[in-house]
Amino acid sequence: MNFKLVLRITGFTLLIEAAAMLLPLGVALLYGESPVPFLSSILIILAAACVPVFLLKPKKDFFAREGFFTVGLIWVLFGAFGALPFWFSGQFGPYVDCFFETISGFTTTGATILTEIEGLPMGLLFWRSFTHWLGGMGVLVLTAALLPFLGISSNFLIRAESPGPVKSKLMPRASQSSKVLYAIYLALTVLETLCLRLAGLNWYDAVTHAMSTAGTGGFSRMNASVGSFGNPAAEIIITVFMLLFSVNFAVYFLILTGKAKQALKSDELRFFLIMVAVSTAAIAWNIRDLYNGVGECVRYAAFQVASIVSTTGFSSANYDLWPEFSKVLLVVLTFIGACAGSTGGGIKCSRILILIRSARREVRSIIHPRAVSVVRLDGAPLPEATLHTTQCYFIINLFLVFGMAVVVGLDNFSFGTTLTAVITCISNVGPGLELVGPAGNFAAFSVLSKLVLSFLMVLGRLEMFPILVLFSRSAWRRS
């Protein structure tokens, strides 16, 4: 393990975090608030980052082991240092609460420990939403775009952080792919901001909610989330963009390069759109007695389906009061999540599709034992290694959900609260049901549960393996 290089890349990424804090610092000054929480945090981060960046002179051997280890380490440290503004402000309680909130932000989960949001300083709320935007595309995607300046290959960082069972490069060089992804990401964020401004939101709300949507995180500066605005146009705009950010960004790249037909042939995209349409129709029918008219039912259903399946976690209504059918369906969507290669979380539609097709192949092999069949995605046969990894990922996910639910169950909350808290954190959704529903929060959980749930958020965001590598004895041995 090339620890010196790992530390140098980690320090370089922390410098990016310190630079990112200048933006909420400016917002705090704009609203006449104290800049001390951000200035103190920036100085501490600079002190911690400058030593490995400028004093260490490591060899440039950087392979898969270093890549996975670096990704896991950076995400943990990014949350630890990113929590400092909240802690210094004195508005967020003990450090573990600050850490939970920041990890929830960077992992784009959107779970909160705050019981009262609207009275907080605007600079802190801006940083809270900005963590979603930074974490949405991936902290390491931004780092990978800049690593060539250090003379380091970024291929293994991208491979370690990229969501989904099948990795694909948009450009020959990983750093070029990172720049293309961020350009698309930024363009969609700006477009949503302008649309929300035209819909009547002020610039602050338009920018912060666009950042939360882009990162599919769901932090809002309002206690009742998007529903506080009472603005149907804004709800429709956010619904559309939550779905747009749920789609594999490779689809947008293909469309921009004149390959729209190829993009629209994506099996995962079709599966995702059908799932959203069917779920919206089913929930709209189920809640027909709660709202006035078909249009209103469809609007509320579409918003909540888009919010959950994209793992954003915004709410326009308290769906915890909806019929059981709707709530169960939303929990199922929480498990599934968005498309691979998007900013969303969850198991990912491509994995679900692979699991369905693998199960179908097994059934066929029972009926026709001598038949040879392959599992295909987008018309191409998938390697058996991909199928094995997908099945392994699914099993680990279930094992962690039920195993960690037992630990969180020590807090003695209801089964619905405990289980959905674990599911929503590992799937990076945010709200669950009952105590952690859209009208609730995670403040009542113990320190142990908050740390466990924070750990699950990082595991879910990095899709298990980069963090599990940190617990491998062989990862700590020098090669």
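The legends below describe close-up views of a predicted model. Local features need pLDDT of at least 70 and side-chain atom pairs pLDDT 80 or more, while totals for chains, interfaces and linings use all residues. Residues are numbered from 1 along each chain as its sequence is written, and side-chain values use heavy atoms, without hydrogens and water.

**View A. Helices α2 and α3.** Helix α2 (residues 22-30) and helix α3 (residues 36-54) have axes that come within 9 Å and cross at roughly 160° (helices are DSSP runs of H or I, at least four residues, numbered from the N terminus; axes are lines fitted to C-alpha atoms over the stretch in contact, with angles from 0 to 180 degrees between N-to-C directions). The two are therefore roughly antiparallel (over 145 degrees). On the α2 side L22, P24, L25 and A28 meet F38, L39 and I42 of α3 (contact means heavy atoms within 4.5 Å). These contact residues comprise 7 nonpolar, no polar and no charged.

**View B. Helices α7 and α11.** The axes of α7 and helix α11 (residues 203-214) lie 6 Å apart at an angle of about 30°. That makes α7 roughly parallel to α11 (under 35 degrees). Among the contact residues are F126, F130 and W133 of α7 and Y204, V207 and M211 of α11.

**View C. The largest nonpolar core.** Of its 122 residues, W127, F249, W322 and F442 touch the most other members (a core is a set of buried Ala, Val, Leu, Ile, Met, Phe, Trp, Tyr and Cys residues joined through side-chain atoms within 4.5 Å; buried is under 20% relative accessible area with a 1.4 Å probe, protein chains only). Helix α7 (residues 122-137) gives the most to this core, 9 residues.

Methods: Parallel < 35°, antiparallel > 145°, perpendicular 65-115°, else oblique. Nonpolar A, V, L, I, M, F, W, Y, C, P; charged D, E, K, R; others polar. Buried < 20%, exposed > 50% of the residue type's maximum accessible area, 1.4 Å probe, protein only.
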